[in-house]
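Dear colleague,

I am handing over a structure that I would like you to look at, and my notes on what was found in it follow below. Please keep the structure open while you read, so far as you can.

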Amino acid sequence: MDTSADRLEFAPPKQDALWRGLALALLAHVLLVAGLTHGLKWQRESQNVAVEAELWAAVPQEAAPPEPTPVRPPPPPPAPPQPVVKAPPVPDPQVQRDAQIALEREKKRELEREKQEELQREREERRKLEAKKKREEELARKKEQARQVAEAKRKEEEKKRKEQEAKEAREAQRVARLREENLDRMRGMAGTGAPSSTGTAARASGPSAGWAARVNARVRPNIVFTETVSGNPEAVVEVRLAPDGTIVSRRLAKSSGVKGWDEAVLRALDKTEVLPRDTDGSVPRSGELVFKPKG
């Protein structure tokens with residue numbers, strides 16, 4: 001290999017040599033200016049003294065740069081160190097036993113935790129089932145109570161209905177018995193016909209003028225009528241009475257034209273049951289009663 005080529009290859013960069021040359025040139029100029037200044041000053045101080053001077057070059061010459069020092073090439077980088085393969089450490093038997101014991105303890109704790117979670121789930125399921133069963137039992141109890149209440153109400157209504165039917169039957173039997181007794185009595189009595197009777201009788205009798213007022217005072221409180229009617233229509237009811245004033249029968253002889261009023265009068269007579277006696281203590285066997293809404 002060529003030596004000059006090696007020298008150029010390992011020569012320092014030119015930039016550094018240029019800066020060094022500029023620095024030396026600047027230093028030389030500074031020295032030159034300092035020398036000239038000192039010479040001029042000295043000349044003014046000694047004008048009358050003969051002076052001999054040597055003239056140097058008017059322009060200073062820059063010194064040549066020194067020969068570059070040959071630079072040795074850097075040594076090649078060292079080879080990377082080879083990784084050292086260490087043999088695996090021999091496990092300590094005691095450490096292995098401790099690790100095994102710790103692992104077994106961890107497994108045991110895990111199993112215990114899973115067991116506790118399973119027991120918790122079972123308790124939760126059991127609690128839900130008990131709550132559901134309790135709700136169902138409460139619902140069944142309420143249904144049974146409602147059924148018992150409905151059954152008791154039905155039995156009470158059935159009892160009242162039977163009592164009412166028995167009462168009505170007894171009342172019908174009593175009325176029928178009284179009717180028969182009155183008919184028998186009427187058939188056995190002579191001269192006691194009604195005022196409108198056309199037969200032959202020993203005497204004729206009829207209710208007094210005040211008897212109608214007594215009957216009205218007895219019957220009217222039992223009349224229940226809330227309808228509004230125009231005018232004052234009258235309902236005429238024919239009644240047949242027992243000697244004690246008990247109403248044996250009643251019949252609507254003339255309608256007032258208001259069905260509600262007619263029915264209210266008949267219901268009031270049924271509720272009254274017994275009409276008052278006349279002023280002489282007697283009771284007419286039959287007669288017609290007139291009722292008006294407005295009296």
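**Strand pairing and the sheet**

In strand 2, Glu-238 has Arg-251 as its bridge partner, and in strand 3 the residue that stands opposite Glu-238 is Glu-288. Before going further, please note that this is a predicted model, in which local features need pLDDT of at least 70 and side-chain atom pairs count only at pLDDT 80 or more, while totals for chains, interfaces and linings use all residues. Residues are numbered from 1 along each chain as its sequence is written, and side-chain values use heavy atoms, with hydrogens and water left out.

The helices (H or I, at least four residues) and strands (E, at least two) are DSSP runs, numbered from the N terminus, and two strands are said to pair if DSSP finds at least two bridges between them. The protein chain has five helices and three strands, which follow the pattern α-α-α-α-β-β-α-β when read along the sequence.

The three strands make an open sheet in the order 2-1-3, with antiparallel pairing. Strand 2 (247-254) and strand 3 (286-291) each have a single partner strand and stand at the edges, so one side of each is left without a neighbour in the sheet. Neighbouring strands of this sheet are turned against each other by 25° on average, direction ignored, where axes are lines fitted to C-alpha atoms, for helices over the stretch in contact, and angles run from 0 to 180 degrees between N-to-C directions.

Strand 1 (residues 235-241) pairs with strand 3 in the antiparallel sense over six bridges, and Val-237 has Leu-289 as its bridge partner in strand 3. Strand 1 also pairs with strand 2 in the antiparallel sense over six bridges, and these two strands form a hairpin with five residues between them, where Gly-245 in the turn has a positive phi of about 95°. Strand 1 is mostly covered, since five of its seven residues are buried, and buried here means under 20% relative accessible area, with exposed being over 50% and partly exposed in between (1.4 Å probe, protein chains only).

**The helices beside the sheet**

Helix 5 (residues 259-272) includes Lys-271, and this helix lies across strand 1, strand 2 and strand 3, running at about 20° to strand 1. Is Lys-271 buried or exposed? Lys-271 is exposed, with a relative accessible area of 56%.

In helix 4 (residues 209-219), the buried residues are Trp-211, Val-215 and Val-219. Seen down the axis of helix 4, these fall within an arc of 60° and so line one face of the helix, the arc being that of the directions from the helix axis to the C-beta atoms. They pack against strand 1, helix 5 and strand 3, where contact means heavy atoms within 4.5 Å. The face turned away from the buried side of helix 4 carries the exposed residues Ala-209, Ala-213 and Ala-217.

**The core**

A nonpolar core is a set of buried Ala, Val, Leu, Ile, Met, Phe, Trp, Tyr and Cys residues joined through side-chain atoms within 4.5 Å. The largest one has 21 residues, of which Val-219, Ile-223, Leu-269, Leu-275, Leu-289 and Phe-291 touch the most other members. Its largest share, six residues, comes from helix 5.

With best wishes
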